[in-house]
Amino acid sequence: MPTPTAEELLASVGGLSPAQAQQIADHIDQCRDLLTAGTDMDTVQQHLKDQGVPIIRAILITTRLIGDHPSKLRAAREIVECSPARTPDTALSRPRHPAP
């Protein structure tokens with residue numbers, strides 16, 4: 001039996017199977033619990049990445065976490081894409097040149 005969160009996803013997001021909706025709903029519920037416990041959004045994004053959640057699903061999940069933001073999709077996208085969990089560490093990604 002789908003949870004209320006999964007039912008809401010099935011009603012509002014086209015193309016999801018009931019199993020996919022339930023999996024995403026489980027992530028949403030886990031993240032809500034983390035936020036309720038005082039975890040910050042960057043840590044939530046790291047949790048999603050650690051769970052193997054792709055960026056597009058992380059954006060979908062984040063739209064459900066930020067509530068009634070006027071530009072919900074844009075805000076969720078910025079949260080996910082700008083999260084330290086999703087951005088490469090510039091110090092590690094810079095080419096290393098030996099000292100002359």
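This is a predicted model: local features need pLDDT of at least 70, side-chain atom pairs count only at pLDDT 80 or more; totals for chains, interfaces and linings use all residues.
Figure 1. Glu-8 is partly exposed, its relative accessible area being 35%. In general, side chains of opposite charge can pair when their charged atoms come close.

Figure 2. Asp-29 and Arg-32 form a salt bridge in which the closest N and O atoms are 3.8 Å apart. The two residues lie 3 residues apart in helix 2, so about one helical turn separates them. Asp-29 is partly exposed at a relative accessible area of 25%, and Arg-32 is partly exposed at 35%. An α-helix has 3.6 residues a turn, so residues three or four places apart point the same way.

Figure 3. Because Arg-77 and Glu-81 are 4 residues apart in helix 5, they are separated by about one helical turn. Arg-77 has a relative accessible area of 48% and is partly exposed; Glu-81, at 36% relative accessibility, also counts as partly exposed.

Figure 4. Helix 4 spans residues 55–65, and its buried residues are Ala-58, Ile-59, Leu-60, Ile-61, Thr-62, Thr-63 and Leu-65. What covers these buried residues includes helix 1 (4–12), helix 2 (18–36), helix 3 (41–50) and helix 5 (72–82). Just after helix 4, Gly-67 adopts a positive phi of about 75 degrees.

**Figure 5. Ile-59 and its contacts.** Ile-59 is a residue of helix 4, and its relative accessible area of 7% makes it buried. When neighbours within four places in sequence are left aside, Ile-59 is in contact with Leu-73, Ala-76, Arg-77 and Val-80. The C-alpha atoms of Ile-59 and Ala-75 are separated by 9.1 Å, the two residues being 16 residues apart along the chain.

**Figure 6. The crossing of helix 2 and helix 4.** The axes of helix 2 and helix 4 come within 10 Å and cross at roughly 55 degrees. That angle makes helix 2 oblique to helix 4, and the crossing is right-handed. From helix 2, the residues Gln-20, Gln-23, Ile-24, His-27, Ile-28, Cys-31, Arg-32 and Leu-35 meet Arg-57, Leu-60, Ile-61, Arg-64 and Leu-65 of helix 4. Not counting residues up to four places away in sequence, Ile-24 touches Leu-9, Leu-16, Arg-57, Leu-60 and Ile-61.

**Figure 7. The largest nonpolar core.** This core has 19 residues, and those with the most contacts inside it are Leu-9, Ile-24, Ile-28, Cys-31, Leu-48, Ile-61 and Leu-65. Helix 1, helix 2, helix 3, helix 4 and helix 5 are the elements that give two or more residues to the core. In soluble globular proteins, nonpolar side chains tend to be buried together. Ile-61 and Leu-65 are also among the buried residues of helix 4, and both take part in the meeting of helix 4 with helix 2.

Conventions
Residues are numbered from 1 along each chain as its sequence is written. Side-chain values use heavy atoms; hydrogens and water are left out. Buried means under 20% relative accessible area, exposed over 50%, partly exposed in between (1.4 Å probe, protein chains only). Contact means heavy atoms within 4.5 Å. A salt bridge is a side-chain nitrogen of Lys or Arg within 4 Å of a carboxyl oxygen of Asp or Glu. A nonpolar core is a set of buried Ala, Val, Leu, Ile, Met, Phe, Trp, Tyr and Cys residues joined through side-chain atoms within 4.5 Å. Axes are lines fitted to C-alpha atoms, for helices over the stretch in contact, and angles run from 0 to 180 degrees between N-to-C directions. Angles under 35 degrees count as roughly parallel, over 145 as roughly antiparallel, 65 to 115 as roughly perpendicular and the rest as oblique. A crossing is left-handed if the near helix is turned anticlockwise from the far one by less than a right angle, and right-handed if clockwise.
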